[in-house]
Amino acid sequence: MKLFNRKRIYQQKKQWKILLLFFAAVIVFASLWFSNVLVKRIAQVERNRIHTWADAVQHRANLVNASEPFFSEIQNEERKRIELYAEAIKHYPSMMGSEESKLVDMIIEGNTNIPAILTDTTGRISSAVNVDFSLDTTPVMTPQLLKDFGVYEPFKFEYWHKQYNYIYYKDSKVFGNAKKGMEDLVNSFFRDIVNNSASVPVLVTDSLQTTVIASGNIDSSFFHNQDSLQRLIREMKSQNDPIVIDLAHRGINYIYYKDSNTLTQLRYFPYFQFGIIGVFLFIAYLLFSTSRRSEQNQVWAGLAKETAHQLGTPLSSMMAWIDYLEMKGIEAETIEELRKDVDRLQVITERFSKIGSAPVLKPENITVLIYNAVDYLKKRTSQKIRFHVNPSIDEAIIVPLNYQLFDWVIENLIKNAVDAVGSKGDIFVLLTNEGKQVIVDVTDNGKGIPRNLVKTVFKPGFSSKLRGWGLGLSLSKRIINDYHRGKIFVKQSVVGKGTTFRIVLQK
């Protein structure tokens, strides 16, 4: 009944852990689901903003293109006016004094805004209108004037027999200001695209998609070479089709854009949240586990030292009784066995007194220690249980140990093996020297341990015996892991065939 109750306790404990883990998973996933729904809604709003921005870009590009014919018409009109002005200048000498000269005068005087310069073949200036210099200070065409008036081909006409004049002209101030306004409009168009209020990463390229004309909200390191630039273009194209614009005098341009950094961060927010929750739970588990382990250590140490203290008084009394019985003439063999048991109790008292204190490890012959432990227990178990120890006692293997504590571990493992085999069976103790490690295997051919209980055999309170407290293996693990910096575990166990416990120590 006691074994059943303990197994039931551990099963209930395992079930509670699974249940708590399930509820924790439900809470985490519910939180992630809600966050994901919220993020998707925000992302949809953000994407709608991006689409609105893309539509606005397209409409503004259409507006810019719609303004271009207006400026072209103005330019054509000015060209016609300057051609008319040139014809008037050309025929003016031959019409002086005639009725037609009045019309020519009106044409010439009607040019009030187009800058024009009349020169001979040598570049000497005959007259100039709508210019910002004086003929007194600038009588000839200077390099700067040739540059300023070199946008259009000058008119050449013959005013006398093989005598030619030239009329240089350029855009009027009105048209120049309008043209500058058009350029500012185009530049403002690109500037507003890359510096958008939606924080959209934008890339404007030429028609070959190899040269970056403008960019915004993008790391410029992508532009250092064509490979990184093309990767960026493919990434942006995978999210949204580029906006194709054909601006006058600039050709075709491609505007690539992708999700804003805010939207990208929102998309990964649930995973980030999951990571934060996971880290928090992991740290909380470590803190609670460490606190619980520390509390257990204090309880173990206090219980062990109190046990050692309580055993001290009856031990002293028993030693006195042995001396008294020896004086009464009790046979020597009986006295010797009593002394062995008392010595054993003293060893046990020392074991308990060392729990909770830093043990001193000394080089010990582990082979002799194991043989002594087996010899002591062999005399106190059924003769039908056979013990097999390898190697022989003559093969010395030196390992840093605390003799009393490690002897306690071997005793616990052998006692468990004796309980597992019952009144008849075999127990094998194999000592293996492997380089920097020493391995001790304690094997029995007893009833074995069920697979679902293998991980719980070292936990305090677990026992398969009706009268066991479940402390032996727990103390053994503490002695090996904490005090000797080694390992102890169930190497293998098959129900109905037996179990092997393994100890690994560093030499």
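A residue is called buried when its relative accessible area is under 20%. The structure shown is a predicted model, and in it G498 has a relative accessibility of 12%, so this glycine counts as buried. G498 lies in strand 15, which covers residues 498-506. Leaving aside residues up to four places away in sequence, G498 is in contact with D444, N445, G446, G448, Q492 and S493. Between G498 and I449 the C-alpha to C-alpha distance is 7.7 Å, although 49 residues separate the two in sequence.

Helix 8 (residues 366-378) and helix 9 (residues 403-421) have axes that come within 10 Å and cross at roughly 50 degrees, and the two helices are therefore oblique to each other. The crossing of helix 8 past helix 9 is right-handed. On the side of helix 8 the contact involves I366, L369, I370, N372, A373, V374 and L377, which meet Y403, F406, D407, I410, E411, I414 and K415 of helix 9. The residues of this contact comprise 10 nonpolar, 1 polar and 3 charged.

Values for the chain as a whole are gathered here.

| Property of the chain | Value |
|---|---|
| Share of buried residues | 35% of the 507 residues |
| Accessible surface | about 31,000 Å² |
| Share of accessible surface belonging to carbon and sulfur atoms | 58% |

The chain contains 10 helices and 15 strands. Of the contacts between residues at least 6 apart in sequence, 65% join residues that are at least 24 apart.

Note on methods. Residues are numbered from 1 along each chain as its sequence is written. This is a predicted model: local features need pLDDT of at least 70, side-chain atom pairs count only at pLDDT 80 or more; totals for chains, interfaces and linings use all residues. Side-chain values use heavy atoms; hydrogens and water are left out. Helices (H or I, at least four residues) and strands (E, at least two) are DSSP runs, numbered from the N terminus. Buried means under 20% relative accessible area, exposed over 50%, partly exposed in between (1.4 Å probe, protein chains only). Contact means heavy atoms within 4.5 Å. Accessible areas come from the Shrake-Rupley method with a 1.4 Å probe; for residues, only the protein chains shown count as cover. Axes are lines fitted to C-alpha atoms, for helices over the stretch in contact, and angles run from 0 to 180 degrees between N-to-C directions. Angles under 35 degrees count as roughly parallel, over 145 as roughly antiparallel, 65 to 115 as roughly perpendicular and the rest as oblique. A crossing is left-handed if the near helix is turned anticlockwise from the far one by less than a right angle, and right-handed if clockwise. Ala, Val, Leu, Ile, Met, Phe, Trp, Tyr, Cys and Pro count as nonpolar, Asp, Glu, Lys and Arg as charged, and the others, Gly among them, as polar.
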